[in-house]
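Morning, everyone. One structure today, and I'll keep it brisk. Please look at the picture first.

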Amino acid sequence: MTSQHDDQVTFYEAVGGEEAFTRLARRFYEGVAADPVLRPMYPEADLGPAEERLRLFLMQYWGGPSTYSERRGHPRLRMRHFPYRIGAEERDRWLTHMRAAVDDLDLPPHLEQPLWEYLVRAAYGLVNVPEDAEPPVINRSFTITSRDRRDGDEGETIRVSLS
Ligand code: HEM
């Protein structure tokens, strides 16, 4: 293969086509299967279908066949991840298993780097827990300003002023 030809192939073809993405997804899901935090997040007992969705998505993203969208429609990944709590820990575990899977492909740096940078960016972009948001206010001090006990505990109205 000449270097001129190299420039024209899709990233998908350059990394080794379907076989490479199959290995990537399989190796990644081996990590997930053994991960005590990530494994329970997957709703299906069988990780096989999830592995297939990730595999097809990545193939499509990098210029391979668009089987993913034929089966699943528009990826809308952020929306599809909303049901799952993805904080820094989930993201970092996901990336740890993906790192191992990428390493396994043993790609040259000019291919490995864009692949890895994309995966990191995508994983950070799917975090849906505002890590740096202030926690809910539950420990503020308050003063009871009035208390209505006429209906007993059940319907009691307690008015407080927060300070
Ligand atoms: C940041 C940490 C992440 C966690 C914890 C996570 C977790 C999950 C879970 C629990 C599912 C549902 C399993 C299924 O039914 O397929 C899922 C689906 C999926 N994830 Fe992630 N994910 C993460 C990041 C990513 C990233 C970075 C990508 C893409 C680069 C990705 C691509 C997908 C795809 C394609 C699906 C299947 C969507 C569908 O067609 O329903 N995920 N993910």
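Where is arginine 76 found? Arginine 76 sits in the loop between H5 and H6. I'll come back to it.

First, the ground rules. This is a predicted model: local features need pLDDT of at least 70, side-chain atom pairs count only at pLDDT 80 or more, and totals for chains, interfaces and linings use all residues. Residues are numbered from 1 along each chain as its sequence is written.

Now the overall layout. The chain has 8 helices and 2 strands. Helices (H or I, at least four residues) and strands (E, at least two) are DSSP runs, numbered from the N terminus. The order from the N terminus is α-α-α-α-α-α-α-α-β-β. The chain has 163 residues, and 12% of them count as buried. Buried here is 20 or more other C-beta atoms within 10 Å of a residue's own; exposed is 12 or fewer; partly exposed is in between; C-beta atoms are placed from the backbone. Next, contacts, meaning C-beta atoms, placed from the backbone, within 7 Å. Of the contacts in the chain with a separation of 6 or more, 61% join residues 24 or more positions apart.

Next, helix H3, residues 17–33. Its 17 residues should span 24 Å at 1.5 Å a residue, and the end C-alpha atoms are 25 Å apart, which agrees. The expected span is 1.5 Å times one less than the number of residues. Which residues of H3 are buried? They are Ala20, Phe21, Leu24, Ala25, Phe28, Tyr29 and Val32. They cover an arc of only 155 degrees around the axis, so they are on the same side of H3. That arc is taken over the directions from the helix axis to the C-beta atoms. The background is simple: an α-helix has 3.6 residues a turn, so residues three or four places apart point the same way. The buried residues of H3 pack against helix H2 (11–15), H4 and H7.

That brings us to the core. A nonpolar core is a set of buried Ala, Val, Leu, Ile, Met, Phe, Trp, Tyr and Cys residues joined through C-beta atoms within 7 Å. The largest one has 16 residues. Phe21, Leu24, Ala25, Phe28 and Leu58 have the most contacts inside it. H3, H4 and H7 each give two or more residues to this core. H3 gives the most, with 7 residues. Take phenylalanine 21. Leaving aside neighbours within four places in sequence, phenylalanine 21 is in contact with Arg55, Leu58 and Met59.

On to H4. At 1.5 Å a residue, its 14 residues should span 20 Å, and the end C-alpha atoms are 20 Å apart, which agrees. Buried in H4 are Glu51, Leu54, Arg55, Leu56, Leu58 and Met59. Their cover includes H2, H3 and helix H5 (67–72). Just after H4, glycine 63 takes a positive phi of about 105 degrees.

H7 next. Its 18 residues should span 26 Å at 1.5 Å a residue, and its end C-alpha atoms are 26 Å apart, which agrees. Glu90, Trp94 and Met98 are buried in H7. Seen down the axis, they fall within an arc of 50 degrees, so they line one face of the helix. Ala88, Asp92 and Asp103 are exposed on the other side of H7. The buried residues of H7 pack against H3 and H8.

Now the ligand. Which residues come nearest? Among the 20 residues around the ligand, Ala50, Arg53, Phe57, Trp94 and Ala122 do. Near means that the C-beta atom, placed from the backbone, lies within 6 Å. Helix H4 (48–61), helix H6 (77–81), helix H7 (88–105) and helix H8 (109–125) each give two or more residues to that shell. H4 gives the most, with 4 residues. The shell divides into 14 nonpolar, 1 polar and 5 charged residues. Nonpolar is Ala, Val, Leu, Ile, Met, Phe, Trp, Tyr, Cys and Pro; charged is Asp, Glu, Lys and Arg; the others, Gly among them, are polar.

Last, the backbone angles. Most residues other than glycine have a negative phi. Arginine 76 is not a glycine, yet its phi is positive, about 35 degrees. Arginine 76 counts as exposed because it has 10 C-beta neighbours inside 10 Å. Aspartate 106 also has a positive phi, about 55 degrees, without being a glycine. Aspartate 106 lies in the loop between H7 and H8. With 7 C-beta neighbours inside 10 Å, aspartate 106 counts as exposed.

That's it from me.

Methods:
Two residues are in contact if their C-beta atoms, placed from the backbone, lie within 7 Å.
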